[in-house]
Amino acid sequence: MAVPARRTSKAKKNKRRSSVWKLNAPTLVKCPNCSEYTVPHRVCSNCGYYNGKEVISKD
């Protein structure tokens with residue numbers, strides 16, 4: 001079994017691990033009906049419209 005010849009430094013270790021923890025911000029688009037920001041290809045949580053049609057009635 002291979003054993004490292006030298007200890008991995010904190011800087012080298014942290015540099016390698018830095019990309020693991022990055023989170024991507026969700027893509028947001030404006031709803032054409034109410035101009036509220038929503039996730040694309042989902043029913044608008046504010047007005048209940050999707051693709052120009054009312055899917056969920058908001059009273």
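Author: A residue is called buried under 20% relative accessible area, exposed over 50%, and partly exposed in between, with a 1.4 Å probe and protein chains only. This is a predicted model, in which local features need pLDDT of at least 70 and side-chain atom pairs count only at pLDDT 80 or more, while totals for chains, interfaces and linings use all residues. Residues are numbered from 1 along each chain as its sequence is written, and side-chain values use heavy atoms, with hydrogens and water left out.

By that definition, asparagine 33 is partly exposed, because its relative accessible area is 45%. Asparagine 33 sits in the loop that runs between strand 1 and strand 2, where strands are DSSP runs (E, at least two residues) numbered from the N terminus. Although asparagine 33 and tyrosine 50 are 17 residues apart along the chain, their C-alpha atoms are separated by 8.9 Å.

A pocket here is an open set of points on a 1 Å grid over the protein atoms alone, where a 1.4 Å probe fits, with protein on both sides within 12 Å along at least five of seven lines, and lining residues have an atom within 4 Å of a point. The volume of the largest pocket is about 200 Å³, a volume being the space filled by probe spheres set on the points, which are joined across faces, edges and corners. Sorted by class, its lining holds 8 nonpolar, 5 polar and 2 charged residues; Ala, Val, Leu, Ile, Met, Phe, Trp, Tyr, Cys and Pro count as nonpolar, Asp, Glu, Lys and Arg as charged, and the others, Gly among them, as polar.

Asparagine 51 counts as exposed because its relative accessible area is 64%, and its phi is near 60°, a positive value in a residue other than glycine. Most residues other than glycine have a negative phi. Histidine 41 likewise has a positive phi, of about 65°, although it is not a glycine. Histidine 41 lies in the loop between strand 2 (37-38) and strand 3, and is exposed because its relative accessible area is 65%.

Methods: Helix = DSSP H or I, 4+ residues; strand = E, 2+ residues; numbered from the N terminus.
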